[in-house]
Amino acid sequence: MKTKPHIIGIGLLLVIVFGLLSWRVFYLQYCRADTYLAQSYEGTHAHVPDLPQRGRIMDSRGRVLAASNKVLTVFIDPSQLPHWDDVMETACLLQPILEIPAPNICDIVHEKIRLSYVPIKTGITEQERRAIRQARLKGVGIESKWERYIPMEQLTSHIVGFIGGADDPSSPDKVGLAGIERRYDSLLRGSKGQRVLIVDARRFPIGSDPQRTVEVKNGSSLVLTIDGTIQEFARSALIKQYADYQAESAIAIVMNPWNGAILALVSLPDYNPSEFSKADPDTMRNRALTDPFEPGSIFKPIVAAIALDGGFVGYDEQIYCENGNYAKYRIGEWAGHSFGNLTPKEILTQSSNIGMAKIGQKMGRKNLYEGLRMFGFGARTGIDLPAENPGLLKPTADWSSYTVTRIPYGHEINVTTIQIIRAFAILANGGSPVMPHLVRSVTDEKGVVEQMAKKSNLAGQLIKPEVAHWVVREALTNVVKEGTGQQAALEKWEAFGKTGTANIAVNGQYDTTNYTASFVGGAPAKNPAVVVLVSIRKPNKALGKGYSGGRVAAPVFREIMQNTLTYIEKNQL
Amino acid sequence: MSRSRLIFVVFYFTVVLIGAVHLRVSASRVFYRWCKAQVAQDNLKLQLGDKQLKLEHLLNPSVISERIEKEPDPDK
C-alpha cells in the first residue's frame, strides 16, 4: 500500500508544529519558569515594608524623655503631572485642604520639578489626610515617617542624646548618635518587618500571605534612673550660677550612693537635641564624662580615706604642716594660710595642702597608686553612656619625686567628675564599690519589664566601713560646719562635703586667673540619700564675686540638695 | 439519567459554584475592611501618641519651672 505524499507532508508538518509547540511549552515551563513565576507573583502580591517604632526612653517616674511617632507628609510626584497646567490644577485643589496658597505650592514644585518626590507639607492632621484621600488627586501622595520627639529638650540633652542618619547611606533608618540613644541603639531600634498581601487586579488587598510575612518588632523601651524633677532642680540651680559667674562650663551630678543610680546629670552649655544640627559641637560634649581635669582639694578625702584604711596615718595623729611653706617640695597653703600641727580631720576641714602632701609621703608611691586604682581612677567607670574618658593616673615609674606629694591634694592626676562622685558615693555608703548607671530597666512596647539593670553593687569592700563613716560623719561634716564649705550647710539636714578650687594647667604651667570651683558631698550625713557634685569651670574672677569652690559651687550644692531631699521626703521615694 | 436528575445536578453544581464565588468575594471584602480598620486603628494610635507627647511637653519639669517663675507672686 502506497502512502500518498501529501498525507506524509501533513503528518510531518503536524509533527513539526507539535514539536515546536512542545519546545515552546518546555521553554516557558522549564527554561523561563522563574521569570514568569516571578511576574505572576509580582502581579498578585504586594510587599508592604513595616518600619519598627523606636522604643521610648522614660525617666524613673515614667515621664517620656524621647519617643517616636509617625508624621504624615503630603508630596507631589511631578513625573505624574506631565503638563504645567496639571500642576496648577492640583495646586488649586490642594490649596483649601492644606491652607497653602496655590502659587506657593507651584513654586515648591517648580524648584524640584525634575524630582519624583516633592514634599509640600509635613505634619498634616487627620482631617487633612482624609480630605486628600477623598479628593483622589493624581500625582499626590501621603508618606508616613517615624519622627523622634524629645519633650524635655535641653533638660536631658546630654543624657538622652539624639538620632540621625545611618552610617550606611542606603539605609533609611536613623541610628542613635549620642547619649542613651547611641549606647542602647540596638535595643531601641527593633527590627524591620514586611507584610505580604495578596492583591486583586486593582491592587486592592484580598488576603495575606502569612508564610512570607515577616513581623515587625518594635524597639524595647528604657526606664532610666534619672528623675526629671531632680534633673530640673540641678539644671536650674546650676544655670543660674553659670550665668552669674560667666563661667566657661559647669557640671552637676546627683547620685544614689547605695547603688550608683544617677538621678540627675547636667552639663552646661547644653543644646536642644531636637535641633542638634544647628547646635555648636562644643555644647554637645557631656563634660561629666569627656573632660578630665585636675580635681584639686575635692580629692583630699579620698586619699585620706585610703591612708586611714591602710593604717598609714592615725585618726588623732598630729601632722606638722610647716607653717604654710613646705619649701623642700615647693608647696604652700590655699589663700596664704599657715598651719602648724593638724590632725587628719583638721587637715580636711582646713583643706591643708601640706598636710595632705605629708600623708602622701607616709603612704609612699606604691600604696597611694594602688589605693587610687582600687577606687577606679585611671579607668572608665563603665557608666552606660558613650565617650567616657578614663582620666589619667600615671604609673609610678613615671612619677617625679614631687608626684607623691601632689596627687594627695588633687594635682598631677586627671579625673572626670563621674569618677569623683563615684568615689564619694563609696565613702557615703560605707566603702562598697558602686557602678554609675542610668538604665533601671528595659521594657517591651506594652511596658512589661524584659530585664532589670544588672546589679550595680560590685562585690567586696574597698575600705573599712568605720573609716568611711569617720571620713563622712566626722571630717566632712566638719568641713561644712566650720571649714571651707559652710555655704553648703542645709537647714533641716546635716550635710557633708568638700570644697575644691583647682588651678587650671595651661601649657605645663598653672594659670593664676582661671580655676575650677567644685563642691562634692551628700546628706543626711548619718544615712546619705544622695551625693551631689557641682563643678564650675573658669568662673570670671574679674567680676570680684569670688571664684572658690566654697563661694561658687557650694551654694549650688545647697540648693540642689535642699530641693532634692524635700522632694524625696514628700514623695517617699 | 432522567431529565429531572440532570436538572438537579446542573442546578446543584451552579449553586455550589455561585456560593464558592460569593464566599471568596466576601472573604476578600472582609479582609479589605479589616485592612482599612487596622489603618484607622493605627491612625488613632498615632493621634493618641501625638496628644500624649504634646501633654508631656506641657507637663515637663522645666516648662513648669518657667511658668512658676513667670507667675506673679500673690504675696507681692
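The side chains of E322(A) and K358(A) form a salt bridge, with an N to O distance of 2.5 Å. E322(A) sits in the loop between β13 (319-320) and β14 (325-326) of chain A, and K358(A) in helix α13, so the pair ties together parts 36 residues apart in sequence. E322(A) is partly exposed, at 22% relative accessibility. K358(A) is buried, at 14%. The model is predicted.

Helix α13 of chain A also holds K366(A) and E370(A). Their side chains meet in a salt bridge at 3.4 Å, N to O. The two residues are 4 apart in the helix, which means a separation of about one helical turn. K366(A) is exposed, with 55% relative accessibility. E370(A) is partly exposed, with 41%.

Another salt bridge joins R63(A) and D227(A), whose closest N and O atoms are 2.9 Å apart. This pair links distant parts of the chain, 164 residues apart. R63(A) lies in the loop between β2 (57-58) and β3, whereas D227(A) lies in the loop between β10 (221-224) and α9 of chain A. D227(A) is buried, at 3% relative accessible area. Salt bridges also link R54(A), R148(A), E181(A), D185(A) and R189(A) in a network. Over all chains, the count comes to 29 salt bridges.

The interface of chain A and chain B has 0 salt bridges by the same rule. It does have 6 residue pairs in polar contact, both residues at pLDDT 80 or more. Several elements of chain A give two or more residues to the side that touches chain B: β3 (64-76), α5 (126-135), β5 (140-149), β8 (193-199), β9 (205-208) and α9 (228-244). In total, 24 residues of chain A and 18 residues of chain B take part in the contact. The two chains bury about 1800 Å² between them, with 62% of it on carbon and sulfur atoms.

Helix α11 (residues 300-310) of chain A is mostly covered, with 10 of its 11 residues buried. Among them are K300(A), P301(A) and D309(A). The buried residues of α11(A) pack against α12 (344-350), α13 (353-374), α15 (417-428), α16 (465-481) and β19 (496-506) of chain A. G311(A) follows α11(A) and has a positive phi, near 75°.

L13(A) belongs to helix α1 (residues 5-31) of chain A. At 53% relative accessibility, L13(A) is exposed.

Terms used: Residues are numbered from 1 along each chain as its sequence is written. Chains are lettered from A and ligands numbered from 1 in the order in which they are written. This is a predicted model: local features need pLDDT of at least 70, side-chain atom pairs count only at pLDDT 80 or more; totals for chains, interfaces and linings use all residues. Side-chain values use heavy atoms; hydrogens and water are left out. Buried means under 20% relative accessible area, exposed over 50%, partly exposed in between (1.4 Å probe, protein chains only). Contact means heavy atoms within 4.5 Å. Buried area is the accessible area (1.4 Å probe) that two parts lose on being put together, summed over both. A salt bridge is a side-chain nitrogen of Lys or Arg within 4 Å of a carboxyl oxygen of Asp or Glu. A polar contact is a pair of N or O atoms within 3.5 Å; within protein, one must be able to donate a hydrogen and the other to accept it, and residues adjacent in sequence count only if both atoms are side-chain atoms.
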